[in-house]
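Please look over the sequence and the 3D structure below before reading on. The text then goes through a few parts of the model in turn.

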Amino acid sequence: EIVPEQAQADSNFSTVKFPNPEYEEALTLAKNLMLKTNADLCYGTDPDCDRLGVYINHKGQAFNLNGNQIAVLLLHYVLSNKKAQNKMPAHPLVIKSIVTSELQTTIAKAYGARMENTLTGFKWMGLRLTELEQQKVPVDFIFASEESYGYLNHNQVRDKDGICAAVLFSEMALYYKTLGTIVTGK
């Protein structure tokens, strides 16, 4: 489903006060449509699609996830799937900003992944990955995140990517729904 009021390009972003998913109000129309149609979840991005906000429909009630919660869920999903499929690389690397939840460090260590902390901002995360590569440190990039709704699960672009994060979140939600481990909708 697409929010009808937001289906056409609008450079004034007239349906929201501030077009950033860090603000719950930016996803109000999507959240309401999710509940009306009994969808499992809804997404919102900022205008350049590098940040991702998520609401989950749990038994007819909308729950907004913050940036740390989204990051923890995605990281755990990625690492647990790699391990379950015997596809964990030899030197898994996870990067996060210093203000992002340390729960990610715990998850990374539990799966044998190296955690690198950087200053806030993906420019620092990308720079750190480049430094490690230039220093010939053996690393296999897995995931990067910051609490301000930025996530990266590929190495093609070294910046947060809301579109790929939405695809990954959808994959994760479907996976857990097919296992019956999450309850969504009414």
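This is a predicted model: local features need pLDDT of at least 70, side-chain atom pairs count only at pLDDT 80 or more; totals for chains, interfaces and linings use all residues.

Residues are numbered from 1 along each chain as its sequence is written, and side-chain values use heavy atoms, with hydrogens and water left out.

Start with helix H2, residues 67-84. Helices here are DSSP runs of H or I with at least four residues, strands are runs of E with at least two, and both are numbered from the N terminus. The expected span of a helix is 1.5 Å times one less than its number of residues. For the 18 residues of H2 this gives 26 Å, which agrees with the 26 Å between its end C-alpha atoms. Buried residues (under 20% relative accessible area; exposed is over 50%, partly exposed in between; 1.4 Å probe, protein chains only) in H2 include Ile70, Leu74 and Val78. In an α-helix there are 3.6 residues a turn, so residues three or four places apart point the same way. At the start of H2, a side-chain oxygen of Asn66 comes within 3.0 Å of the backbone nitrogen of Asn68. Just after H2, Asn86 has a positive phi of about 55°.

Next come the salt bridges, each a side-chain nitrogen of Lys or Arg within 4 Å of a carboxyl oxygen of Asp or Glu. By this rule there are 11. Side chains of opposite charge can pair when their charged atoms come close.

Glu22 lies in the segment before helix H1 (28-37) and Arg51 in the loop between S1 and strand S2 (52-58), so the pair ties together parts 29 residues apart in sequence. Glu22 is partly exposed at 32% relative accessibility, whereas Arg51 is buried at 17%. Arg51 also meets Asp46 in a salt bridge, at 3.7 Å from N to O, and Asp46 is buried at 8% relative accessibility.

Which residue does Asp40 meet in a salt bridge? The partner is Lys177, at 2.6 Å from N to O. Asp40 lies in the loop between H1 and S1 and Lys177 in helix H5, so this pair ties together parts 137 residues apart in sequence. Asp40, at 26% relative accessibility, is partly exposed, and Lys177 is partly exposed at 39%.

Methods. A polar contact is a pair of N or O atoms within 3.5 Å; within protein, one must be able to donate a hydrogen and the other to accept it, and residues adjacent in sequence count only if both atoms are side-chain atoms.
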